[in-house]
Amino acid sequence: MKIGLFYGSTTCYTEIAAEKIRDQIGAELVSLHNIKDDPLTLAETYDILIFGLSTWDFGEIQEDWESQWDDIKQLNLNGKIVALYGMGDQVGYTDWFQDALGMLHDELLPLGCERIGFWPNGDDYEFAASKALTDNDNYFVGLALDEDSQYELSDQRIEKWCLQILEELADRLA
Ligand SMILES: Cc1cc2nc3c(=O)[nH]c(=O)nc-3n(C[C@H](O)[C@H](O)[C@H](O)COP(=O)(O)O)c2cc1C
């Protein structure tokens with residue numbers, strides 16, 4: 001099992017989370033790719049993928065993702081298993097919390113990949129609006145991290161989410 005983790009990060013928070021996810025799952029399983037340096041087309045060489053991105057400027061996509069955004073539609077991700085995580089700030093940007101995570105999810109929908117790693121929108125979050133929620137608002141479409149307002153929760157969220165996606169993978173690959 002080989003997992004490709006592709007991330008874009010403007011001020012390094014998404015990158016630090018990528019390293020923690022890799023360390024949690026195991027460096028022998030997870031290869032990191034900063035999409036500033038590596039093209040997203042490289043994702044086609046993995047069967048299992050994790051994509052990480054932050055939201056910027058009132059609901060906009062992180063700049064490195066933005067510059068490869070049009071390539072996503074052409075990617076052959078059919079049948080691949082994909083988990084997402086996002087970075088945002090629910091206090092400073094409460095009307096746009098994690099919007100980019102939701103936008104990436106929507107962009108991937110038509111590509112025929114299997115999505116795992118949905119994350120509960122529990123009482124530990126407080127924000128006005130987010131495009132990253134499922135229709136019933138019960139889940140984020142991926143792990144929602146907030147290093148600005150809840151940095152103290154990130155490590156335990158990452159740990160729990162990694163265990164969750166490993167279980168979801170085990171179910172699918174059994
Ligand atoms: C100018 C600015 C705009 C931001 N806009 C949003 C936003 O609209 N929604 C959100 O959830 N977070 C927003 N954030 C918070 C960032 O997503 C957060 O700081 C994140 O950790 C940055 O990750 P990165 O350094 O990996 O890009 C914004 C932060 C800044 C500084």
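Modeller: Asp146 is buried, because 24 C-beta neighbours lie inside 10 Å of its own and 20 or more are enough for that label. The model is a predicted one. Asp146 sits in the loop that runs between strand 9 (143–145) and helix 4 (151–173). Leaving aside residues up to four places away in sequence, Asp146 touches Gly88, Asp89 and Gln90. Take Gln90 from that group: 56 residues separate Asp146 and Gln90 in sequence, yet their C-alpha atoms are 7.0 Å apart in space.

Gly88 leads on to the ligand. Gly88 is among the residues that come nearest to the ligand, together with Ser9, Thr11, Thr14 and Ser54, out of 23 residues around it. By type, the residues of this shell are eight nonpolar, 10 polar and five charged. Two of the elements that each supply at least two residues to the shell are helix 1 (13–25) and strand 3 (48–56). Strand 3 gives three residues, the largest share.

The axes of helix 1 and helix 4 come within 10 Å of each other and cross at roughly 55°. That angle makes helix 1 oblique to helix 4. The crossing of the two helices is right-handed. On the side of helix 1, the residues that meet helix 4 are Ala17, Lys20, Ile21, Gln24 and Ile25. Helix 4 answers with Ile158, Glu159, Cys162 and Leu166. The residues of this contact divide into six nonpolar, one polar and two charged.

Strand 3 can be followed too, into the loop between strand 3 and strand 4 (60–61), where Asp57 is found. Phe58 has its place in that loop as well. Asp57 is not a glycine, but its phi is positive, at about 50°. Phe58, also a residue other than glycine, has a positive phi near 65°. Phe58 is exposed by the same cut-off, with 9 other C-beta atoms within 10 Å. Asp146, with its 24 neighbours, is the buried case.

Notes
Residues are numbered from 1 along each chain as its sequence is written. This is a predicted model: local features need pLDDT of at least 70, side-chain atom pairs count only at pLDDT 80 or more; totals for chains, interfaces and linings use all residues. A residue is near a molecule or strand if its C-beta atom, placed from the backbone, lies within 6 Å of it. Helices (H or I, at least four residues) and strands (E, at least two) are DSSP runs, numbered from the N terminus. Ala, Val, Leu, Ile, Met, Phe, Trp, Tyr, Cys and Pro count as nonpolar, Asp, Glu, Lys and Arg as charged, and the others, Gly among them, as polar. A residue is buried if 20 or more other C-beta atoms lie within 10 Å of its own, exposed if 12 or fewer, and partly exposed in between; C-beta atoms are placed from the backbone. Two residues are in contact if their C-beta atoms, placed from the backbone, lie within 7 Å. Axes are lines fitted to C-alpha atoms, for helices over the stretch in contact, and angles run from 0 to 180 degrees between N-to-C directions. Angles under 35 degrees count as roughly parallel, over 145 as roughly antiparallel, 65 to 115 as roughly perpendicular and the rest as oblique. A crossing is left-handed if the near helix is turned anticlockwise from the far one by less than a right angle, and right-handed if clockwise.
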